[in-house]
Amino acid sequence: MSQLNTSRREFARGLTFLGAAAWAAPVLAQPGAGGPIDAAVKAAYEKFKDLNEGKNADYIPALAKVPSNYFGIAVVTPQGKAYTAGDIAPTFSIQSISKVFTMALVFQQSGEDTVEDAVGVDATGQVFNSIVAIEQFRGKEMNPLVNPGAIATTGTVKGANADDIWAKILGIHSDFAGRQLSVNQEVYKSESDTNQRNRAISMLMSAYERFPTDPAQAVDLYTRQCSIAVDAKDLGVMAATLANGGKNPVTGKQVVESRHVPRILAVMATAGLYDDSGKWLFHTGLPGKSGVGGGLIAVSPGKFGIGTFSPPLDAAGNSLRGQRAIAAISDALGGNPYASKPL
Ligand code: GLN
């Protein structure tokens, strides 16, 4: 994680919170009880709740203060049933998991080819905030799930002005979660004060003429999207929406057209867990996405979505307990989409 430990410098700036337009009343998933999913969730919680490895991210100072012992799991089915264990109530910043939903917005607004051609969909093979990767590829082939490609993807969202673009970004996150989400202002301020590296990334992309719009505006919107507050169940519903052809199984809203879902999941499989994505896929077969706030999602298409929350991260920046819990639950439920039985 050495590249995560960027130097911190106070950078005073005015912060504005732009709330989204009024949103339909939330409909909550009914908790499921009993049965194999419930048993798998409870077993994974018990097995890993005392695992005491890894460390909170601290290059964004506000993340270091989140209690490391929080551990929550939510599995949500395409029928909209939620099976949960542990710390489901605390909210935390979504961080890089937001990259998936902003990419989905750009797929929807501008088409998949725009992302493939303008940003790229191959893995960089480098850590998520690598500047080396930009130099190596001259700003091309920056996957939308690592910072250079993600900030460019945020910069590609269409809207009349910054407020309108933000409303669309927050709107799609809220639609995926099935409730109105908002920004954790403390995290937003903390990351805005310390995101020199992301500002450098966007400027370097711009220097290679690989940046669509104003880099400073895109970094600000990107920082805000990373600060959206979610709980583990929100992540479960967001993942389940992807497991259910882009239709939120709780609200019934078609959030993104079904035809985009296979490619959203393909990009997640390629780079969702940064430079450990291959290892993750090798063990689980599940498209996933992690965030340095401790969130993790994984999708078993047609079967379930999982969201977990546990702040301590491994060296690649992925939640340790989250990875273990999801792998165990998916194993118990036969969630690996590559598995088939011979006739
Ligand atoms: N906002 C964080 C950053 O840009 C997100 C990183 C992450 O979750 N991997 O550094």
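## Contacts of Ala239

Ala239 is in contact with Val76, Ile297, Ala298, Val299, Gly305, Ile306 and Gly307, leaving aside its neighbours within four places in sequence; two residues are in contact if their C-beta atoms, placed from the backbone, lie within 7 Å. This is a predicted model, in which local features need pLDDT of at least 70 and side-chain atom pairs count only at pLDDT 80 or more, whereas totals for chains, interfaces and linings use all residues. Residues are numbered from 1 along each chain as its sequence is written.

## Overall architecture

The protein has 14 helices and nine strands. These elements are DSSP runs numbered from the N terminus, with helices being H or I of at least four residues and strands E of at least two. The C-alpha atoms fill a box of roughly 55 × 45 × 40 Å along the principal axes.

Buried residues make up 55% of the 343 residues. A residue is buried if 20 or more other C-beta atoms lie within 10 Å of its own, exposed if 12 or fewer, and partly exposed in between, with C-beta atoms placed from the backbone. Among contacts between residues at least 6 apart in sequence, 74% join residues at least 24 apart.

## The nonpolar core

The largest nonpolar core has 101 residues, of which Val41, Ile73, Val75, Ala104, Ala239, Ile264 and Ile297 touch the most other members. Helix 11 (residues 232–243) gives the most to this core, with eight residues. Such a core is a set of buried Ala, Val, Leu, Ile, Met, Phe, Trp, Tyr and Cys residues joined through C-beta atoms within 7 Å.

Strand 8 (residues 295–300) has six of its six residues buried. Gly295, Ile297 and Val299 cover one side, and Leu296, Ala298 and Ser300 the other; all are buried. In a regular strand the side chains alternate between the two faces of the sheet.

Strand 8 runs antiparallel to strand 7 (residues 288–290), joined by three bridges, and antiparallel to strand 9 (residues 304–309), joined by six. Two strands pair if DSSP finds at least two bridges between them. Ala298 stands opposite Gly288 in strand 7 and opposite Ile306 in strand 9. The hairpin of strands 7 and 8 has four residues between the strands, and Gly294 takes a positive phi near 105°. The hairpin of strands 8 and 9 has three residues between them, with Gly302 in the turn at a positive phi of about 80°.

## Other strand pairings

Strand 2 (residues 72–76) pairs with strand 3 in the antiparallel sense over five bridges, and Gly72 stands opposite Gly86. Four residues lie between these strands in their hairpin, where Gly80 in the turn has a positive phi of about 85°. Strand 3 (residues 81–86) is largely enclosed by the rest of the structure, because six of its six residues are buried.

An open sheet of three strands has the order 4-6-5 with antiparallel pairing. Its edge strands, each pairing on one side only, are strand 4 (92–93) and strand 5 (182–183). Phe92 stands opposite Val230 in strand 6.

## Ligand surroundings

The ligand is surrounded by Gln95, Ser96, Phe128, Asn129, Asn147, Glu191, Asn198, Cys226, Gly291, Val292 and Gly317, a residue being near a molecule if its C-beta atom, placed from the backbone, lies within 6 Å of it. This shell divides into three nonpolar, seven polar and one charged residue. Ala, Val, Leu, Ile, Met, Phe, Trp, Tyr, Cys and Pro count as nonpolar, Asp, Glu, Lys and Arg as charged, and the others, Gly among them, as polar.
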